[in-house]
Amino acid sequence: ITLDGVELRVLHLPLVAPFTTSFGTETVREVIVARALTPDGDGWGEIVTSAAPLYSSEYTQGAWDVALRWMIPALLDARRMSPAEVSGILEPFVGHRMVKAGLELAVLDASLRLDGISLGAHLGVTRDRVPSGVSVGIQRDPTALVDVVGGYLDEGYARIKIKIKPGRDVDDTAAVREAFGAIALQVDANSAYTLADADVLAELDRFDLLLIEQPLQEDDLVDHATLAARLQTPVCLDESIVSRKAAVDALALGSASVINIKAGRVGGYLEAVAIHDLCRAAGIPVWCGGMLETGIGRAANAALAALPGFTLPGDVSASNRFYRRDIVRDPIVLEDGHVRVPTGPGLGIDIDPVALDDVTVARETLRR
Ligand code: OSB
Ligand code: MG
């Protein structure tokens, strides 16, 4: 494509209910969307940073600054590029992978729309729909948690993931397991533990969980390997897998037997596919994680999750799990416990300009 400009917006999307993890509670999703402007039409991407650097070191204002000061100017200097060339153009800038991913996605969407090809077809999906899991935040108490989980099971979600933290782990998990029997269940600690907590984490072994996600810190690959050897429950990494290289290292060390793939965290959908390919060749199951995406990112995630190596249900829940009103006209819905892989050109979405303007709190455009 030929890149004439990039528009960035900060959005504030109210959540249908507060979302609590071991690192905090959110009631509004602050997120950045990027629009690639080309002579032949626009492309949309999403930069999945949060307001505060609690999940990772990235956050809205840092992302906004590095995008406008460094990354978008580098892309505009290059002027003509294929989607596959974006990561190379942005490679000199260290880190800021969520920004790189969002900008790459905008270029990818513009390019695929121009060619009339869907993202799913471009990536090589093998399914037209994927089973949908839901990520459930920490609630007031285990009784409230059982209530909320019951609601999602009634809606048809194929897998439940509950967030845990020290003091809200064994009892919460026991309550859900006792209430609902042999459902597909997993837990996510978002780095809330240390190796000193291994005994508590081993108590989770009796619940026959699909996996425990990211119990330790992002850079604790060796400690994760030590912990994995002590647990029956498979250890899955999220925060630690920041690139294909990190995945290679984690597998070599035995830090994980399952990997959560998030395009934002690893610097783009193309890097995400590379991690998928690596894990598939190694026989390591992967699943598609989420970052409370808008309709832009959720459409892309549904396509990614339909690659053949995604053998576990992902956090690819319907739009209405987080939002009352999405910024696309055709939000992802839950059908029979599955979400459909979009088939239209590019991301296959139709932005609702009024809904988008209503949630826009900041806006800036750079042009050549
Ligand atoms: O750890 O998977 C995570 C949301 C924000 C940051 C980190 C995580 C999450 C989720 C929600 O669990 C997944 C979703 O978008 O459905
Ligand atoms: Mg996680």
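In this predicted model, the axes of helix H2, which spans residues 83–90, and helix H3, which spans residues 97–115, come within 8 Å and cross at roughly 155°. Since angles over 145 degrees count as roughly antiparallel, H2 and H3 are therefore roughly antiparallel to each other. The crossing in which H2 passes H3 is right-handed, and the contact is made on the H2 side by Pro83, Val86, Ser87 and Leu90, and on the H3 side by Lys100, Leu103, Glu104, Val107, Leu108 and Ser111. By class, the residues of this contact divide into six nonpolar, two polar and two charged.

Ligand 1 is surrounded by Tyr55, Ser135, Asp188, Asn190, Asp238, Gly289, Gly290, Met291, Leu292, Asp315 and Ser317. The shell around ligand 1 has three nonpolar, five polar and three charged residues.

The class make-up of the two sets of residues is set out here.

| Set | Nonpolar | Polar | Charged |

Turning to the chain as a whole, the protein has 13 helices and 13 strands, and its C-alpha atoms fill a box of roughly 60 × 40 × 35 Å when taken along the principal axes. For 368 residues, a compact globule would have a radius of gyration near 21 Å, and the 20 Å computed for the protein chain agrees with that expectation.

Conventions:
Residues are numbered from 1 along each chain as its sequence is written. Chains are lettered from A and ligands numbered from 1 in the order in which they are written. This is a predicted model: local features need pLDDT of at least 70, side-chain atom pairs count only at pLDDT 80 or more; totals for chains, interfaces and linings use all residues. Axes are lines fitted to C-alpha atoms, for helices over the stretch in contact, and angles run from 0 to 180 degrees between N-to-C directions. Helices (H or I, at least four residues) and strands (E, at least two) are DSSP runs, numbered from the N terminus. Angles under 35 degrees count as roughly parallel, over 145 as roughly antiparallel, 65 to 115 as roughly perpendicular and the rest as oblique. A crossing is left-handed if the near helix is turned anticlockwise from the far one by less than a right angle, and right-handed if clockwise. Two residues are in contact if their C-beta atoms, placed from the backbone, lie within 7 Å. Ala, Val, Leu, Ile, Met, Phe, Trp, Tyr, Cys and Pro count as nonpolar, Asp, Glu, Lys and Arg as charged, and the others, Gly among them, as polar. A residue is near a molecule or strand if its C-beta atom, placed from the backbone, lies within 6 Å of it. The radius of gyration is taken over C-alpha atoms; the globule rule is 2.2 Å times the number of residues to the power 0.38.
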